[in-house]
Amino acid sequence: MGNCFTSSKQSMTEIAPCDFIKSAQAFRLYGDPISSFTLYLHLALLYKTRALQFTPTDDPIPVVQFGPETVSGSREMMVRFIDEKLPQPPLMVAVEEGGETAVLVVKMVALQHRSVVWHLERMVRWSEDLVTRGGRRNGDPTMGSARMEARKFGKSYSQLLEVMVEHAQMEERVVFPLLETAERGLCKAANEEHGRDLPVMNGIREDIKSIGVLDTGSHDYREALRNLSTRLKSLLEHSKEHFQEEERDLLPLMEALELGKDQQLRVLEQCIDVMQGTHSHLFSFFVEGLLPREAMQYLDLIISCKEEKLVASMLRRIIE
């Protein structure tokens, strides 16, 4: 998953939830390198150890080896085996966390909320660091000059903005209309909030562009950074409140629709299709904001409704 599986030094603003993998205990993985099953296990093992040895084979069923023990079977069985051998970080989701009977799209929306909040918190920390330094370099060679870091900051926010916009579109085009079929006006407040949020999010992007052309270290530059940091903090707090309201007041009502399993899978597929950027070129960025067990849970949702070739492509984006 991009930076998540590298041992190079990083700025604290760049560290993802999965960056603290310490185990050097060796696992061996054997399997078809283009199979989504093999890639899924490859990702699971990358969350666990920095000593993974992968051997490509033509066998459609992958095999995991840990010391003298070898296991092959279902995804769940093999991830459970990996968790038993290296418990940290956990990959299996407890029933009380995911909710065994929870509507699939509710799980997906909640996980998207987690990723967006993590990335917003990261942007806030980064902006605070920029304010503290006031245009000085942070000493991390990967960040480059102050102007180069500002461009990296802008790119990261643009990626987050695209995910947030697609998330809102997914709710407006798929989730909210479903709830409105049960009770007209149920999602009126949430839709209105989306309408108010978009200009704010776009305004922050324009602020970042403006900072990029100011003289680094100047009074105007430092003042613009302070204003940007304040706006990002406000967006973070508002987003947290908005997500909590949805998860408390709206999403639980999906249960009352009594959707069958096939209907749930179709809804899930529609949600993924609306969020094309998030599930293609931004997928590694999106998953970076999830804990390992959350990332595996999200992948399970995708696997449940998408074809093998697409799933394999998404997994390769993370691993590579």
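## Surroundings of Phe-27

Apart from neighbours within four places in sequence, Phe-27 contacts Leu-45, Thr-49, Ala-51, Leu-52, Gln-53, Val-64, Gln-65, Phe-66, Phe-81, Ile-82, Lys-85 and Leu-86. The model described here is predicted.

## Nonpolar core

Phe-27 also belongs to the largest nonpolar core, which has 90 residues. Phe-27, Leu-41, Val-64, Val-105, Tyr-157, Val-175 and Phe-283 have the most contacts inside this core. Helix α4, spanning residues 104-133, gives the most to the core, with 13 residues.

## Packing of α5 and α7

Helix α5 (residues 146-182) and helix α7 (residues 219-250) have axes that come within 14 Å and cross at roughly 25°. Because angles under 35 degrees count as roughly parallel, α5 is roughly parallel to α7. The crossing of α5 past α7 is left-handed.

On the α5 side, the residues that meet α7 are Ala-146, Phe-153, Tyr-157, Met-164, His-167, Glu-171, Phe-176 and Leu-179. Their counterparts in α7 are Tyr-221, Leu-228, Leu-232, Leu-235, Ser-239, Phe-243, Glu-246 and Leu-250. By class, this contact has 12 nonpolar, 2 polar and 2 charged residues.

## Met-92 in the α2–α3 loop

Met-92 lies in the loop between α2 (75-85) and α3 (95-98). With a relative accessible area of 25%, Met-92 is partly exposed. Not counting residues up to four places away in sequence, Met-92 touches Glu-76, Val-79, Arg-80, Asp-83 and Arg-293.

Phe-66, one of the contacts of Phe-27, is 26 residues from Met-92 in sequence and 18 Å from Met-92 in space, C-alpha to C-alpha.

Terms used: Residues are numbered from 1 along each chain as its sequence is written. This is a predicted model: local features need pLDDT of at least 70, side-chain atom pairs count only at pLDDT 80 or more; totals for chains, interfaces and linings use all residues. Side-chain values use heavy atoms; hydrogens and water are left out. Axes are lines fitted to C-alpha atoms, for helices over the stretch in contact, and angles run from 0 to 180 degrees between N-to-C directions. Helices (H or I, at least four residues) and strands (E, at least two) are DSSP runs, numbered from the N terminus. Angles under 35 degrees count as roughly parallel, over 145 as roughly antiparallel, 65 to 115 as roughly perpendicular and the rest as oblique. A crossing is left-handed if the near helix is turned anticlockwise from the far one by less than a right angle, and right-handed if clockwise. Contact means heavy atoms within 4.5 Å. Ala, Val, Leu, Ile, Met, Phe, Trp, Tyr, Cys and Pro count as nonpolar, Asp, Glu, Lys and Arg as charged, and the others, Gly among them, as polar. A nonpolar core is a set of buried Ala, Val, Leu, Ile, Met, Phe, Trp, Tyr and Cys residues joined through side-chain atoms within 4.5 Å. Buried means under 20% relative accessible area, exposed over 50%, partly exposed in between (1.4 Å probe, protein chains only).
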